[in-house]
Amino acid sequence: MSGRIPEDFIDAVLARTDIVDVVGGRVPLKRGGRELVGRCPFHEEKTPSFTVSPQKQFYHCFGCGAHGSAIGFLMALDRLEFPEAVADLAQRLGMALPQQAMDSTDTGPPVTGLYDALRAASSFYQKQLRQHPAAAGAKGYLKDRGLDGSTAARFHLGFAADEWDNLRRALGEQFSGDLLRQAGLLTGDKEPGYDRFRGRVMFPIEDRRGRVLGFGGRILGEGEPKYLNSPETPVFHKGRELYGLPNVLRHARNPDTLIVVEGYMDVVMLAQHGVDNAVAVLGTALTTEHLRAAFRVSSRLVLCFDGDNAGRRAAERALDNAFPELADGRDLRLLFLQDGEDPDSLVRRIGREAFLELTAGAIPASRHLVDRLLAEVDITSIEGRARLSALAKPMLAKLPSGTYRELLGDEIGKLTGRPFGRAVAPAPPIRTSASGRRPSLVQRAVLLLAHHPQLASDVDELAALASVREPGVDFLLRLVATIRSLPQPRLDHLLEQWRDSEDGAALSRVLASNELVPDAAIAEREMRDLVSRFAPQVKNDRLAELLHGTTPSQMDPAQRAEVLERTQELASLNRRRTNPI
């Protein structure tokens, strides 16, 4: 969706959504005390560690750390974008999206109309492949490529006859010419227009939910272009769609590896040979949007390229686009095929197992990057090592801050013979405790507030934290302020309020720490105790302020009395203070 969804609409959707219904429809859940328990859908496990809290409207896995709201659950499980997940929940509730969140303009067709027309077109093309007298050529082409009927049916392949108005006549009574044109099915300057796809084998391009977004058509016989894609429409954007994605997700919700190839037939033929984790980029260069979509499916990508010069150039462009996406935990690899070979022909020649063995040995992006730099310099000379450093710096600057970036910099530093400046990320507002260690006072307070947001209003002493100089207190105060600003002080609302922000990432790290959280009554008592533990520092800071630049003999009677009082209070507090949590 192109429009921005208003915050109050998101709050209303969350307020009316029951996360138990959303998660329970996809994951078998059993009652376990105040929460429901099941096996985590995001990782393999034998003992259930996945919990859903009806009170907090929050899910959490103690095994892999996955957590979030109903919106986050749909985004993670169905690989939806944020607006799509909100729209999905709104549709379940019978709530209409606000106009500014819709893809359509005031004069354009509703998006649902475009999807309906594209689905009808796909059904029409499939029927034409089975029944049209001229479809023999299309069937012969697919047969010559080694494709069987069941695979063609699985990918909904079709046929567009070499006629000017075949589709228009078939769909014209159901859909207006203007809508068919905006769906990319008709073309031509004059009304009523003519069929865009003619004399071609048709490959419907579907999103992760199986909705038809557009088409790719392969010409039969001679002619240009060999492959013709749908134009850009409100629902189809060639630079970000991945062909074959529904087939991947049908076979594995979380595939270990996603293979990215160039052509439709590559995906289809790989699937026919049992390689069901491949997608294609619609015959265009691999974009940053493609990579983002692919990494949402799997953290490990293998990019297949031809081994010729054109394939090498395509690989370099892909890597340049990939730099901003190579965050910690992501694994990008390159597979170069022999000149004249593509995945389609290769899997037919060597079979599934040998093909998967090749992908398993694909070159890590880091190694390729270093090799690329070394090919441009002579590191036996000072000048060459200096040039290597100069070439590497802008490349590393494009990488996200983190361990991957630092380790790659270390590797380049070994080659230059001197430490290569580590790109140290700014310290996060707070850090979660290591396994087995107790959290800091601030971390514990954050965890209690996140799970029991009502404490932000119930514990008046939280205001005193503004005087505390302790790591993470600023974050804690922002958390309190944000909770107090929410119409619904609930964890799921807080998570969505901070989605895609640094504060949201910091909160997620605390939530993933798997620290035990007590019920509301105990949490309130613990929170008051935590605030009292900060009191010595607050009073100590005030005492230092009173004594700064002066002595008791220079103070007026009121100041001397306050110094005496605060000194006695501080001594008493320090005597009573227990060890941190």
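**Exercise 1.** How many cavities of 30 Å³ or more does the structure hold?

*Solution.* The model is predicted: local features need pLDDT of at least 70, side-chain atom pairs count only at pLDDT 80 or more, and totals for chains, interfaces and linings use all residues. Residues are numbered from 1 along each chain as its sequence is written, and side-chain values use heavy atoms, without hydrogens and water. A cavity is a set of points on a 1 Å grid over the protein atoms alone where a 1.4 Å probe fits but cannot get out. The structure holds four of 30 Å³ or more, a volume being the space filled by probe spheres set on the points.

**Exercise 2.** Determine which elements line the largest cavity.

*Solution.* Step 1: this cavity contains about 90 Å³ of space. Step 2: lining residues have an atom within 4 Å of a point; among them are Arg154, His156, Glu206, Tyr243 and Arg250. Step 3: strand 9 (200-206) and helix 10 (245-251) each supply at least two lining residues, with helix 10 giving the largest share, three residues. Helices (H or I, at least four residues) and strands (E, at least two) are DSSP runs, numbered from the N terminus.

**Exercise 3.** Describe the largest nonpolar core.

*Solution.* Step 1: such a core joins buried (under 20% relative accessible area, 1.4 Å probe, protein chains only) Ala, Val, Leu, Ile, Met, Phe, Trp, Tyr and Cys residues through side-chain atoms within 4.5 Å. Step 2: of its 61 residues, those touching the most other members include Tyr125, Leu185 and Tyr243. Step 3: helix 5 (residues 111-131) gives the most to this core, 10 residues.

How values were computed: 1 Å grid on protein atoms, 1.4 Å probe; cavity = no way out; pocket = protein on both sides within 12 Å on 5 of 7 lines; lining within 4 Å. Buried < 20%, exposed > 50% of the residue type's maximum accessible area, 1.4 Å probe, protein only.
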